[in-house]
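Subject: Handing over a structure

Hello,

After it I have written up what I found.

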Amino acid sequence: MTEAPVIGVLALQGDVREHLTALAAADAAAREVRRPEELAEVDGLVIPGGESTTISKLAVLFGLMEPLRARVRDGMPVYGTCAGMIMLADKILDPRSGQETVGGIDMIVRRNAFGRQNESFEAAVDVRGVTGDPVEGVFIRAPWVESVGAAAEVLAEHDGHIVAVRQGNALATSFHPELTGDHRVHGLFVDMVRANRAAESL
């Protein structure tokens with residue numbers, strides 16, 4: 001299993017190109033995913049930042065919501081940043097009307113918790129599982145995690161709030177590592193995909 005894992009980026013809305021670049025830098029074969037048949041071909045998936053309500057509605061419109069839920073339930077590795085974190089939450093504290101999630105992480109998320117667009121900021125974040133210096137976290141209209149269930153592992157906090165969580169093969173961050181040129185968080189996710197693929201080949 002030495003060939004690069006194939007990792008998709010959900011390309012319905014949001015900062016898709018930046019994730020494709022970061023995944024390629026972390027030695028993955030990255031491709032856009034818009035259709036169920038494209039989802040079926042990947043070893044893992046990134047759900048990017050953007051507008052979580054829009055991503056939710058487009059996922060339903062494109063027939064992707066149920067296939068996404070099924071693959072996440074079946075253990076496909078998935079990584080969500082910002083809006084993607086909201087998409088991976090089992091519960092949103094303040095959902096918009098008609099907003100759905102893929103689920104997969106036993107956590108309650110608050111949308112736009114760190115403030116609006118003009119309150120965006122950067123901060124150094126220590127992320128468990130990422131070696132070396134702290135990660136530079138870019139927070140843009142970022143959510144935070146209000147609480148997690150027993151199965152979810154908190155990987156990072158900022159200012160007393162949970163900003164990175166992992167549960168099994170699902171990873172989520174409030175911040176945008178794809179915008180910094182530091183690809184270590186994507187490298188962590190690529191390693192998760194490789195490990196899962198190796199386990200499935202046994």
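To begin with a term: a nonpolar core is a set of buried Ala, Val, Leu, Ile, Met, Phe, Trp, Tyr and Cys residues joined through side-chain atoms within 4.5 Å. Please keep in mind that this is a predicted model.

The largest such core has 33 residues, and the members that touch the most others are Leu-39, Ile-105 and Met-107. Helix H5 (residues 83–88) supplies the largest share of this core, with 5 residues. Another core, of 32 residues, lies apart from it; Ala-28, Tyr-79, Trp-144 and Leu-155 are among its members.

Leu-39 is worth a look on its own. Setting aside neighbours within four places in sequence, Leu-39 is in contact with Val-33, Leu-45, Leu-64, Pro-67, Leu-68, Arg-71 and Met-76. As a general point, nonpolar side chains in soluble globular proteins tend to be buried together.

Next, the strands. E7 and E8 pair in the antiparallel sense, over 5 bridges, and Glu-122 stands opposite Val-138 in E8. Strand E8 (residues 135–139) is mostly covered, as 4 of its 5 residues are buried.

Finally, have a look at the loop between strand E6 (105–110) and strand E7 (121–125), where Asn-112 lies. Is Asn-112 buried or exposed? Its relative accessible area is 17%, and because the cut-off for buried is under 20%, Asn-112 counts as buried. Beyond its neighbours within four places in sequence, Asn-112 is in contact with Arg-141, Ala-142 and Pro-143.

Enjoy exploring!

Best wishes

Terms used. Residues numbered from 1 in each chain as written. Predicted model: local features only at pLDDT ≥ 70, side-chain atom pairs only at ≥ 80, totals over all residues. Heavy atoms only, no water. Helix = DSSP H or I, 4+ residues; strand = E, 2+ residues; numbered from the N terminus. Buried < 20%, exposed > 50% of the residue type's maximum accessible area, 1.4 Å probe, protein only. Contact = heavy atoms within 4.5 Å. Pairing = 2+ DSSP bridges.
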